[in-house]
Amino acid sequence: MSELQKALEECLVLLETGRATIEECLARFPEYAGELEPLLLKAQELKTLHGIHISEVFKANTRNELLNYMGDHPTRAKNQRGHSGLSLKLASGLAILLLAFAASGTALAQRALPGDSLYAWKLASENLWLLINPDDFETALWLSTRRFEELLAVRGNAVLEPISVEAYLDSIQRVTEAADAESLSRASEVIGVQWEALQKAGFRFEDLEDFPGPLAEPDMQEGQRPDPEDTPKAGSTATEASKIPNTPVVGDLEVTVQPNLTLESLP
Amino acid sequence: MPDSRLELNEDQVVRQAIQGDQEAFARLYDVHADEVFRFVKIRVRDQHTAEDITSSVFLKAWENLSGYKIRKAPFQAWLFRIARNAVIDHYRTEKEHVPLEAAPHIVQDRSSGVPEKVVARIQVEKLAASLTELTEDQRNVLILKLVQGYSIKEVAKALGKREGAVRALQMRALQSLSKLMESKLE
């Protein structure tokens, strides 16, 4: 988390709990006052939207409709009462079949890509691995590699690419959070290689606009900040030249990327 | 968060609803309908559309209740995911372009003077319109965190994101919103 982000977070908590005014927050962080003030003002303005409420008439009518609907469409749990004997035998048989299917299906699913029918299965097997593996860092690194490979595979797909970008960013965020002092250098090396490959594949890193920490703009000049009009919306892919500096930072890691990177300069 | 939820012992009520207790689910609706409507209304602007989507959220929640796992995410987080997907589906099918003139239904403080109410309403309209120009993730974070008042942890669970990602999204969203509204003033 950058220092500005920490200051913002602290100020928002102080404002939320009524322990400080905006002016007191700005006095607390004078070095960030210029940047903080508009953000805190907007945060306060957003609270006015809390005044939006559901109509009581609509709420009551919908409740009645919901009860009628539920009466016509009871849940499966209620439907299955009173069929215990036959259901148990069927359930056991199905369980055996499912286990056999799961074993073979899981193996097949590991190569699935976003959009494939087995992709959900792949994610489910990863979630299971996350639960049972005690090594958070190695698991996070393994997942980031998977997301990186998927991202390369769906490059150019207008629907899948932005989803994969987001998934990849989440995965490397998980790596930086799981890394300790000993594993930082390894994380830096692995992610550095991934970034080089992504740049070679044509990613321009406006996609990393929402990446936590100082990744997108650690030492940017004011004129280099992306304009709101350039902010990619859900489903869009960025195509303009990157505005990030030549030494992107992944959380607290510094990843060295060759300046003036071109296809010809890559190994 | 509403105090009524704490009094409700929500996990117990959710378990009852999962077992098919319709009145239990109706109680959950009573607690969460307002916040779901607010979440949807900020994003679709039109009153009737927001009401329709809100209804559909609870119908879908009832239909899929057997798939909800209490330990995986809070019930409200699960509802917000359904609401988010319902709004996305709405835009995909309707390709709605909300005009700036569309006025959100706002319950204002009755003690405000008329001119102040009008000014406040215009400001809220501009704010809501600017929100639609953010990325979806940015918009969701701002609505859940700063409008609905949920913690970073709760927002992260609702959106399936890491807490660090939510913090960063919050900052970027506020920065973008600030620039958007400044540019509208010019």
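Student: Fine. At what angle do α8(A) and α10(A) pack?

Tutor: About 5 degrees, with the axes 11 Å apart. α8(A) covers residues 136–153 and α10(A) residues 184–200. Angles under 35 degrees count as roughly parallel, so these two helices are roughly parallel to each other.

Student: Which residues of α8(A) and α10(A) meet?

Tutor: From α8(A), Phe137(A), Leu141(A) and Phe148(A) are among them. α10(A) brings residues including Ala187(A), Val190(A) and Leu198(A). The contact divides into nine nonpolar, three polar and two charged residues.

Student: New topic. How many residues are in the largest nonpolar core?

Tutor: It has 85. Leu36(A), Leu40(A), Leu46(A), Leu49(A) and Phe25(B) have the most contacts inside it. Helix α3 of chain B, residues 22–44, gives the most to this core, with twelve residues.

Student: And what is Leu49(A) in contact with?

Tutor: Beyond its neighbours within four places in sequence, its contacts include Ile42(B), Val124(B), Leu127(B) and Leu131(B).

Student: Where is the confidence in chain B lowest and highest, element by element?

Tutor: Helix α1(B), residues 3–8, has the lowest mean pLDDT, 49. Helix α4(B), residues 47–63, has the highest, 94. Residues 96–114 of chain B are below 50, yet that stretch has 34 contacts in the model beyond near neighbours in sequence. Where pLDDT is low, the predicted coordinates should not be read in detail.

Student: What ipTM and pTM does the complex get?

Tutor: The predictor gives an ipTM of 0.74 and a pTM of 0.52.

Key: Residues are numbered from 1 along each chain as its sequence is written. Chains are lettered from A and ligands numbered from 1 in the order in which they are written. This is a predicted model: local features need pLDDT of at least 70, side-chain atom pairs count only at pLDDT 80 or more; totals for chains, interfaces and linings use all residues. Side-chain values use heavy atoms; hydrogens and water are left out. A nonpolar core is a set of buried Ala, Val, Leu, Ile, Met, Phe, Trp, Tyr and Cys residues joined through side-chain atoms within 4.5 Å. Buried means under 20% relative accessible area, exposed over 50%, partly exposed in between (1.4 Å probe, protein chains only). Helices (H or I, at least four residues) and strands (E, at least two) are DSSP runs, numbered from the N terminus. Contact means heavy atoms within 4.5 Å. Axes are lines fitted to C-alpha atoms, for helices over the stretch in contact, and angles run from 0 to 180 degrees between N-to-C directions. Angles under 35 degrees count as roughly parallel, over 145 as roughly antiparallel, 65 to 115 as roughly perpendicular and the rest as oblique. Ala, Val, Leu, Ile, Met, Phe, Trp, Tyr, Cys and Pro count as nonpolar, Asp, Glu, Lys and Arg as charged, and the others, Gly among them, as polar. pLDDT is the predictor's confidence in each residue, from 0 to 100.
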